[in-house]
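Visitor: Could you walk me through how packed helices and ligand shells are read in a model?

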Amino acid sequence: MSGNTYDVIIIGTGAGGGTLAYHLAPSGKRILILERGDYVPREKENWDPQVVNVDAHYNTRESWLDKDGKELHPHTNYYVGGNTKFYGAALFRMRKEDFGELRHQGGISPAWPISYEDLEPYYTQAEELYQVHGNRGEDPTEPPASAPYLWPAVSHEPRIQQLSDDFTRAGLQPFHVPVGVMLDEKNRHASRCIRCNTCDGFPCLVHAKSDAEVLCVDEAVKHANVTLLTNAFVKRLETNSTGREVSAVVVERNGGLEKYSTDVVVVSCGAINSAALLLRSANDKHPRGLANSSDVVGRHYMGHTNSVLMAISKCPNPTIFQKTLGVNDFYFGAKDFAYPMGHISFVGKLDAITLKAGAPAIAPNFTLELMARHSLDFWLTSEDLPAPENRVTVDRDGRIVLTYTPNNLQAHERLQAKLKDAMKQTNCSVHGHECHQGLFGRNLYVGQRIPLAGVAHQNGTIRFGRDPKTSALNVNCKAHDLDNLYVVDASFFVSSSAVNPALTIIANALRVGDHLLERLGATNVSTSKTMLSTV
Ligand SMILES: Cc1cc2nc3c(=O)[nH]c(=O)nc-3n(C[C@H](O)[C@H](O)[C@H](O)COP(=O)(O)OP(=O)(O)OC[C@H]3O[C@@H](n4cnc5c(N)ncnc54)[C@H](O)[C@@H]3O)c2cc1C
Ligand code: SF4
């Protein structure tokens with residue numbers, strides 16, 4: 001066996017690739033992990049809002065183009081652990097109904113080729129692996145689970161608990177958001193997580209966030225059969241003469257090109273970069289790009305319709321770790337709007353420095369400091385629908401072009417209105433109902449939709465399915481057109497639901513991992529026996 005030949009090559013170390021590497025590592029198979037980025041340096045700047053949010057120090061410097069040819073600076077990160085190094089670690093299961101077809105005001109959210117029950121055992125494994133802290137039974141839309149959370153939910157701080165009580169009095173069913181932080185509230189002196197205000201959007205300086213580097217890649221590389229190459233950008237994939245197999249992975253590293261060969265290649269570069277890689281790898285056997293006889297590669301890009309809505313109250317909000325409360329009462333609709341609206345939760349507590357970066361329009365004489373001290377910073381997510389015209393392409397120079405027109409927007413507007421209505425009904429012990437009428441005696445909400453560059457929730461660009469005419473991957477996430485090419489990042493999504501995507505990516509990577517262990521004839525096939533037999 002030559003030095004450049006492996007049983008499995010995994011490209012990318014985020015939620016998908018990192019988790020898969022962890023799952024396959026004990027098999028003893030020769031595994032090569034290729035990651036274009038380096039480790040996030042551990043430095044005080046990890047927790048500095050100016051450096052992280054204003055200077056965007058850890059974001060890629062790459063620029064892409066939008067549909068009008070305008071430059072786009074994507075808010076995405078190339079490091080070991082991928083975007084999980086920066087995520088807010090809200091780790092949700094998709095709702096059971098999200099796996100079926102759902103009618104939205106803006107169109108149809110199509111069914112997945114697998115059911116919730118097919119993924120359920122892997123959600124349970126994923127929650128265990130990523131140490132999700134949560135309470136079952138609080139979220140009215142929660143799907144059935146075969147096991148409890150192993151760690152209790154992260155508690156609300158007083159201002160958020162007050163809001164939770166207010167929402168409950170107003171007839172809503174607020175719940176504790178499931179989060180992957182290694183917080184031990186009963187033994188704070190020994191807790192790895194210190195419950196700080198720089199979590200969502202920041203790398204964790206003390207490695208207490210459940211990210212794919214700390215929990216998966218760092219563990220995988222302890223196995224002698226696993227090799228990780230960082231600063232290794234995969235430029236393209238080559239196929240053999242029949243076009244049925246990837247024969248070489250071409251890597252740019254140390255200023256030169258290197259080639260690696262393998263029995264199985266798993267692409268996991270994130271939904272935009274994975275599509276770009278397959279498109280860049282076009283050859284005579286695959287003129288539209290690899291695995292793309294269906295012409296779906298790059299299409300159906302989804303990223304959620306997200307917005308931040310700051311409710312500026314009379315009460316101050318001294319919360320440190322704000323991302324603990326969620327509201328899903330409007331997820332599937334309401335009496336006055338029969339279509340799904342989405343999910344309400346929080347971003348990390350916004351501060352004046354971060355606000356300067358986004359600088360939403362604010363009332364005159366209203367300092368950013370005052371605003372940040374009094375705001376409840378909601379995060380609203382609605383489903384965007386998979387439109388074939390919303391797509392990733394690559395221009396002649398290999399540059400990524402992201403063509404996107406938002407859809408299903410009425411659902412999001414309705415969700416914002418529902419939140420404002422709910423806030424009107426809340427009360428506080430000092431200001432009563434007036435608390436949420438703003439510091440100037442009127443309702444004050446400041447917010448903005450996340451722009452196209454906010455590609456944090458990217459998914460859907462290499463969808464899986466049973467029909468090779470309408471999907472690029474089969475149910476095991478293997479390319480229909482090739483025998484040894486798999487994709488395990490967020491690309492495989494058929495619809496995006498309205499909850500955060502990472503736990504579904506992680507669970508699916510574990511599912512595909514079981515299939516690969518079987519394919520490779522490995523002995524440590526995990527305990528789950530529910531893998532689909534359809535290939
Ligand atoms: C600020 C922020 C907050 C978020 N909060 C949440 C949250 O609370 N909950 C949630 O569920 N999700 C959240 N997300 C989204 C979540 O992080 C992503 O859904 C998830 O990380 C996607 O996993 P992935 O495997 O698809 O891709 P990624 O995690 O992006 O991993 C892709 C990897 O591939 C590497 N790569 C790319 N191209 C190449 C190439 N050509 N060659 C080699 N390597 C390559 C990249 O460097 C990267 O390491 C958040 C994201 C951000 C940015
Ligand atoms: S809250 Fe905990 S996990 Fe998050 S950055 Fe702070 S210490 Fe790390």
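Guide: Let's begin with handedness: a crossing is left-handed if the near helix is turned anticlockwise from the far one by less than a right angle, and right-handed if clockwise. Helices here are DSSP runs (H or I, at least four residues; strands are E, at least two), numbered from the N terminus. By that rule, the crossing of α1 and α5 is left-handed.

Visitor: Before we go on, what sort of model is this?

Guide: A predicted one, where local features need pLDDT of at least 70 and side-chain atom pairs count only at pLDDT 80 or more, while totals for chains, interfaces and linings use all residues. Residues are numbered from 1 along each chain as its sequence is written, chains are lettered from A and ligands numbered from 1 in the order in which they are written, and side-chain values use heavy atoms, leaving out hydrogens and water.

Visitor: At what angle do α1 and α5 pack?

Guide: Two packed helices are described by the angle between their axes and the distance between the axes. Axes are lines fitted to C-alpha atoms, for helices over the stretch in contact, and angles run from 0 to 180 degrees between N-to-C directions. For α1 and α5 (residues 212-220), the angle is about 40° and the axes are 8 Å apart. That makes α1 oblique to α5; under 35 degrees counts as roughly parallel, over 145 as roughly antiparallel, 65 to 115 as roughly perpendicular and the rest as oblique.

Visitor: Which residues of α1 and α5 make the contact?

Guide: Contact means heavy atoms within 4.5 Å. On the α1 side you'll find Ala15, Gly18, Thr19, Ala21 and Tyr22, facing Ala212, Leu215, Cys216, Val217, Glu219 and Ala220 of α5.

Visitor: How does α1 (residues 15-24) cross α10 (residues 502-519)?

Guide: Their axes come within 8 Å and cross at roughly 40°, so α1 and α10 are oblique to each other. This crossing is right-handed. The contact includes Leu20 and His23 of α1, and Ile505 and Ala509 of α10.

Visitor: Is α3 roughly parallel or roughly perpendicular to α10?

Guide: Helix α3 (residues 116-129) packs on α10 at about 110°, with the axes 8 Å apart. That makes α3 roughly perpendicular to α10, and the crossing is right-handed. Among the residues that meet are Tyr122 and Tyr123 in α3, and Asn508 and Arg511 in α10.

Visitor: How many residues surround ligand 1?

Guide: A residue counts if one of its heavy atoms lies within 4 Å. Ligand 1 has 38, the closest being Glu35, Asn83, Gly88, Ala90 and Ala502. For polar contacts, look for N or O pairs within 3.5 Å. A polar side-chain atom of Glu35 is 2.6 Å from an oxygen atom of ligand 1. A polar backbone atom of Tyr79 lies 3.0 Å from a ligand 1 oxygen atom, and one of Val234 lies 3.0 Å from a ligand 1 nitrogen atom.

Visitor: Which residues are closest to ligand 2?

Guide: Cys193, Ile194, Cys196, Cys199 and Cys204, out of 13 surrounding residues.

Technical notes:
A polar contact is a pair of N or O atoms within 3.5 Å; within protein, one must be able to donate a hydrogen and the other to accept it, and residues adjacent in sequence count only if both atoms are side-chain atoms.
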